[in-house]
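Please consider the following structure with attention to its helix packing, its salt bridges and its backbone. The explanation takes these topics in turn.

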Amino acid sequence: MAEAEILEPYQLSFSDLLLSSRFHSSSPSDDRISRNVMDALGPTGPGLLCITGVLGSALLRRKLLPMARKLALLDPDKRKRFLKEHHLGSDLPLKNPERDVSSFAMQLNYERTTCISSLEKLWFDEAVAKLDLHQEDDEFTNLGGAFKELGFCMRELGLSIARICDRDIGGGLLEESLLESCTAKGRLIHYHSAADKCALREAESRNQSGKRVSSKRRVQNAAEQEGNHRSGAGLSGSHFNLWQQWHYDYGIFTVLTDPMFLSSYSYQECTLMSSHSCLQIYHPSKNKFYMVKTPQDSFIVQIGESADILSKGKLRSTLHCVCKPEKLDHISRETFVVFLQPKWSQTFSVSEYTMEHLRSDSLQRQLTDTDEIIPRPDIQKIVPPLSSRLRDGMTFAEFSRETTKQYYGGSGLQSNR
């Protein structure tokens with residue numbers, strides 16, 4: 001079976017981002033950067049790009065991301081206490097030991113400010129050093145601080161990208177929408193290895209049996225069970241091979257860290273997964289599926305459906321999923337995500353929006369004609385079309401509720417996945 005083609009997204013350096021996102025900046029270099037950004041995020045691009053060389057972020061990433069796995073596998077009572085201490089919650093159920101994902105969330109509220117000299121201030125005043133990231137006495141001491149510090153940095157990156165996009169779109173709409181929102185959602189996410197699931201099952205039954213299983217044997221047991229699941233799946237590309245099903249994000253931008261992969265034998269980073277992201281996208285203009293390859297310590301910026309709508313199709317939202325690495329059942333995936341959204345009362349006007357872009361059969365037609373090189377599910381059966389979720393005059397709050405309902409509600413297309 002042929003592997004999926006690799007996509008290496010456009011890489012925008014942090015220094016170029018700073019220069020190009022300044023007010024009244026219009027040098028030939030800025031024009032080149034703006035064209036490259038719009039080529040990556042516009043209707044003919046993949047809908048994502050990478051930002052590299054963000055000062056101070058690598059240390060924060062290496063401190064924060066391993067906490068996702070530690071929290072996911074922690075005793076529930078202890079986890080509840082730590083989350084409360086650091087003002088975090090979870091937007092996913094954590095009781096099911098068979099879960100594929102554990103997520104720890106916080107609303108990142110901020111005052112409206114103009115963009116974005118604080119990007120420079122954030123890093124050059126050595127704010128990161130104040131977190132004492134090398135402290136080892138309590139592994140969760142800096143959880144809340146690192147979460148906020150990295151989250152607000154990623155919010156600034158998104159605002160700077162919004163400013164560059166607004167030059168082409170006109171009207172300053174994206175940046176204004178993000179500034180008026182005054183909030184973003186941060187999520188620290190652990191994608192469970194098969195061995196993690198086995199550990200959770202063991203913890204659940206430990207009081208009854210009183211037996212402990214070695215980490216090596218746990219991985220072997222998990223691999224056997226995962227293999228049984230996959231061999232019994234009737235649909236090629238089924239959800240057993242995915243950590244997260246195919247979907248569109250419905251905000252403006254999704255900003256993600258380059259993921260970290262950890263071995264279940266230890267908390268050490270797995271070098272086998274270097275530069276791999278396990279992020280798979282559908283590229284509509286090429287009518288192909290790609291696996292995304294990202295530089296280490298970079299940030300990924302993806303387009304959400306709200307940006308697609310507000311820009312009237314000048315930006316293209318990214319259909320994506322997260323894949324499990326084949327034959328590596330002991331590997332977990334850690335990432336940190338910031339969702340940038342409009343204010344809840346933002347209204348969407350689709351009267352001038354190209355209705356052909358909203359046609360529910362467009363994705364189906366493209367996918368039917370695709371000569372794919374990788375197994376995939378019938379995506380049109382699990383991704384509700386935008387035209388069924390969007391009405392003229394709908395607020396962002398109404399759009400987000402309808403989207404969540406059609407994906408995950410009682411009769412949603414992914415309600416049992």
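A residue is called buried under 20% relative accessible area, exposed over 50%, and partly exposed in between (1.4 Å probe, protein chains only). By this criterion R81, at 43% relative accessibility, counts as partly exposed, and E85, with a relative accessible area of 47%, is also partly exposed.

The model is predicted: local features need pLDDT of at least 70, side-chain atom pairs count only at pLDDT 80 or more, and totals for chains, interfaces and linings use all residues. Residues are numbered from 1 along each chain as its sequence is written, and side-chain values use heavy atoms, with hydrogens and water left out.

R81 and E85 form a salt bridge whose closest N and O atoms are 3.8 Å apart; the term denotes a side-chain nitrogen of Lys or Arg within 4 Å of a carboxyl oxygen of Asp or Glu. Because R81 and E85 are 4 residues apart in helix α4, about one helical turn separates them. Helices (H or I, at least four residues) and strands (E, at least two) are DSSP runs, numbered from the N terminus.

In total, the structure holds 16 salt bridges. One of them joins E5 to K288, with the closest N and O atoms 3.0 Å apart. This pair links distant parts of the chain, since E5 belongs to strand β1 and K288 to strand β10, 283 residues apart. K324 pairs with D100 at 3.3 Å between the closest N and O atoms. K324 is buried, because its relative accessible area is 11%. Salt bridges with shared partners also join R61, R62, D258, E269 and D297 into one network.

How do the helices pack? Two packed helices are described by the angle between their axes and the distance between the axes. Helix α3 (residues 57-72) and helix α6 (residues 143-169) pack at about 125°, with their axes 10 Å apart. The axes are lines fitted to C-alpha atoms, for helices over the stretch in contact, and angles run from 0 to 180 degrees between N-to-C directions. The contact (heavy atoms within 4.5 Å) is made by L60, R61, L64, M67 and L71 of α3 and L143, A146, F147, E149 and L150 of α6.

Finally, the phi angle of H87 is near 60°, a positive value in a residue other than glycine. H87 counts as exposed because its relative accessibility is 59%.
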